[in-house]
Protein chains: 2
Amino acid sequence: MIRVGVVGYGTIGSRVADAVRSQSDMKLVGVVKPTPDYRAEIAVSLRGVRFFAPSEGGLRAWRERGLPIHGTLDDLLREVDVVVDTTPGGKGRGMRDTYESTGVKAIFQGGEPPDVAEVSFVAQVNYDAARGRRFVRVVSCNTTGLARLLYALDREFGVERAIVTLVRRAADPKEVKKGPIDALVPDPPRIPSHHGPDLQTVVPGLNVITMAVKAPTTHSHVHSLAVKLGRETSREDVLGMLSSERRIVLVSAASGFRSTADVLDIGRELGRPRADIYENVVWADSVSVNGRWLYLFQAIHQEAIVIPENIDAIRAIATDLSAERSMDLTDASLGVKSGRIFRPP
Amino acid sequence: MIRVGVVGYGTIGSRVADAVRSQSDMKLVGVVKPTPDYRAEIAVSLRGVRFFAPSEGGLRAWRERGLPIHGTLDDLLREVDVVVDTTPGGKGRGMRDTYESTGVKAIFQGGEPPDVAEVSFVAQVNYDAARGRRFVRVVSCNTTGLARLLYALDREFGVERAIVTLVRRAADPKEVKKGPIDALVPDPPRIPSHHGPDLQTVVPGLNVITMAVKAPTTHSHVHSLAVKLGRETSREDVLGMLSSERRIVLVSAASGFRSTADVLDIGRELGRPRADIYENVVWADSVSVNGRWLYLFQAIHQEAIVIPENIDAIRAIATDLSAERSMDLTDASLGVKSGRIFRPP
C-alpha cells in the first residue's frame, strides 16, 4: 500500500486526492490545505479526508471553524511515501527543499519549471523514465494532451512537423477574478508559446511549434493541429489508430457534440466525479488528411486530464509495476475510456 | 459624381453609407432600411441620410414613427449608378434579379456565394479584375484580412503553404441573441473551413488550409498563421515588408496592445468613426521566422475591415480610376494607416 499525501486542495489537489482514494494499492493519508472553507467541510463530512495545516500558525483557523485538523505539513510528510504537490504554479519549486529533507518522494505539476524534477512525465510516453525517481513533474494539461496525441501519431506514422494553435480557456470555473470576459489575448504574444518547448521535455526532438490564444471560456482548451506525417496515410487509418489509443476518445459534431460545453455535458451525463473528462477529446469530423498532412481539432478538459498521469506517476516512482499495468489500474478505477464514446452518426 | 445607394443599414450598411458620404467623388443617394429604429433616427437627424423602404408596405411604419421616408427600393434604384447590397448573408443572392432588371451595378458582401458576382474582390489583390464589371462581391472580413496579408507575403517571398487557425469572435456587439457565452465551438467542425476556398476565389492557386474556432467575444477575430515561404528570409525583412504595406498596421504587446479589446480601444483613442479599425492588425511581437517558416498573429475588426474594399469596389466598377488612385482616395478619406502605429518599445 503506497501512503500518499497531497499538498494543496484546489482544482488539481482535490481531484488527485479523490483519485488516490479510489486506488486499491494506495492510501490517502492526508491533504495539506491552508483554509477551512466549504470544500474542506465537504471533504471531511462526505469523504473523511484528513486535513493538515501548512504550518503551526495555520492550525487555529481550522479549530475556530470547528473542523478536525490532524497536524501540519511536517507531520503529514512523516506518514507518507509519496507527496503530490499541487500548490499554485511556481510555489512547488520552493517546497522541494522541504520534501527533500524529509526523504519523501514528490510529484510536481506542470506549473513548475522542468528542473524541479528529474523527469517531465506523461504516462503513455515515458512512464519508464520515471521509474524509481525521487522527483517527477506531471506536465500541464495542454502539454499532456499534445504529448499523448503527437506521441501516438509519431509512433504510428512519424511526425515530421507539428503546427499547433491552442485556444485556451482563460480560467477555471472557480477563478472568478480572472479575465478576459470579452477579448481574445495572444498569450504569450510571441511565437512559439512555452507549450512547444515544454512538450519537448516529454517527447525530445519533436518538431513542434505552438501558438496560444486565450479566450473567455472556462470549460476546455481547443487545439487545432496541422501535422506533417512521416508517410502518406488515409483518414481511415488515422481514425483507426486514434480509436484504439488509450485515453483518447473520438466524438462527432454530427452526434451533437459541438463545443467545449459538451465536454462538461458528457462528463455529467456519464456520471463522472466532478464531471471530469480525463481523455483527449478528438472531433472525428475534423480529422482530415491531404497527402502527408493531417489536420484535426481536440478538446482538453484542463481540470481533469492530468489526474490519471498523477496516479501513474505515483506508481512509477513508488512501485515496480509496469506502465501498462499501472495505466490499466488507473483507467479501470477512474472509468477512463478510449475509442468512440457514441455511435457514429 | 457616382450616385450610390445602400441596401441594408446594419453593421456593414451603416458604415458603408458613412464612408460613401466622406468620398468627394461619390454621393449617397439613399439607404434602404426596413425598420425606423433609433439608428434611423440618428442617421436622419445627425447625417441627413435619406431612407427608402424595401417596398410599399414598408412605408407606413416610417410615417407612423414620424420619420421621413423617400420612397421604396425601386424608387432608389432609379436614382443610382451603383447599389451596395448589405442585406443579411444569403439574402443578397435573391436581390440580384431586382438589381439586374433595373440596370444598376451592384456590390455584394461576403455572406453571399461567390457566384452572386463576376469577381470576388479585395482591392490590393485584384482591383483591376473588377474594372467595368456589373456585379462584384467584396469578400468577408476574415477572407479580406487573409487575402491582404497572404497576397503581400506571396508577392514578396512566395507562399508555398499557409496554415491558418481563425479564432472567430462569435457575434458583433449588437447581436445579443447569438452565443456561445462560455464555450469554444469548432465552426465548422470539419477541416478546412470555408475560408480557405473563399480565399482562393480572390487569390487563385494559393495553397492554404483554414481551421476555425468560434469564441465568446465581440471585438475582433484573431488569426494564427504558419506560412512556408518560397525562400528563406529574416524576421526583419518580414517586418520591413509589413511596415510598408497598405492597410496593414503593426502593434506590439510591449507597447500595451495585448488583446482584441485594444483593437476597440485604439479605434476610440484615434477618434475613428464608430471606433473602426480598417487595417489588419499584426502583432510585431509574434512575427517569428525559422528557415522558410513564418509565424504570426493578426487581429481583424470584423465590422470595419471591408469598408475600404466596398468603396474601392464602387470605383472599380463605376470609374476609370486606377487601383492605386482609388485606394489613395479611400485611405485619405477614412484615415487608413499603415506601418507601426505606435513607437516600438
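The paragraphs below go from domains to sheets, then to helix pairs, and end with the contact between the chains.

This is a predicted model, in which local features need pLDDT of at least 70 and side-chain atom pairs count only at pLDDT 80 or more, while totals for chains, interfaces and linings use all residues. Residues are numbered from 1 along each chain as its sequence is written, and chains are lettered from A and ligands numbered from 1 in the order in which they are written.

Chain A is assigned domain 1 (2-138 + 306-334) and domain 2 (141-305); the bounds come from an automatic or database domain assignment. The centres of domain 1 of chain A and domain 2 of chain A, taken over C-alpha atoms, are 26 Å apart. Their contact takes 16 residues from domain 1 of chain A and 19 residues from domain 2 of chain A, where two residues are in contact if their C-beta atoms, placed from the backbone, lie within 7 Å. On the domain 1 side, at least two residues each are supplied by helix H1 (11-21), helix H6 (123-130), helix H11 (307-318) and helix H12 (323-334) of chain A. Helices (H or I, at least four residues) and strands (E, at least two) are DSSP runs, numbered from the N terminus. By class, that side of domain 1 of chain A has eight nonpolar, five polar and three charged residues. Here Ala, Val, Leu, Ile, Met, Phe, Trp, Tyr, Cys and Pro count as nonpolar, Asp, Glu, Lys and Arg as charged, and the others, Gly among them, as polar.

Next come the sheets. In general, strands of a sheet pair through backbone hydrogen bonds, either parallel or antiparallel. In chain A, seven strands form an open sheet with parallel pairing, in the order S3-S2-S1-S4-S5-S7-S6. Strand S3 (51-52) and strand S6 (119-121) of chain A are at the edges with a single partner strand each, so one side of each has no neighbour in the sheet. Two strands pair if DSSP finds at least two bridges between them; strand S2 (residues 26-32) of chain A and S3(A) pair in the parallel sense over two bridges. A:Val32 stands opposite A:Phe52 in S3(A).

Two helices of chain A lie across strands of this chain. H1(A) lies across strand S1 (2-7), S2 and strand S4 (82-85) of chain A, at about 155 degrees to S2(A). H11(A) lies across S1, S2, S4, strand S5 (105-108), S6 and strand S7 (135-138) of chain A, at about 165 degrees to S7(A). Axes are lines fitted to C-alpha atoms, for helices over the stretch in contact, and angles run from 0 to 180 degrees between N-to-C directions.

In chain B, seven strands form an open sheet with parallel pairing, in the order S3-S2-S1-S4-S5-S7-S6. Its edge strands are strand S3 (51-52) and strand S6 (119-121) of chain B, each pairing on one side only. B:Val32 stands opposite B:Phe52 in S3(B). H11(B) runs at about 165 degrees to S7(B).

Now to the helix pairs of chain B. Helix H11 (residues 307-318) and helix H12 (residues 323-334) of chain B pack at about 140 degrees, with axes 9 Å apart. That makes H11(B) oblique to H12(B); angles under 35 degrees count as roughly parallel, over 145 as roughly antiparallel, 65 to 115 as roughly perpendicular and the rest as oblique. The contact involves residues including B:Pro308 and B:Ile311 of H11(B) and B:Met327 and B:Leu334 of H12(B). Its residues divide into five nonpolar, two polar and three charged.

Helix H6 (residues 123-130) of chain B packs on H12(B) at about 125 degrees, with the axes 9 Å apart. H6(B) and H12(B) are therefore oblique to each other. B:Ala123, B:Tyr127 and B:Asp128 in H6(B) meet B:Ala323, B:Ser326 and B:Met327 in H12(B).

Finally, the contact between the chains takes 35 residues from chain B and 34 residues from chain A. S10(B) gives the most to the side of chain B that touches chain A, with four residues. By class, that side of chain B has 22 nonpolar, nine polar and four charged residues.
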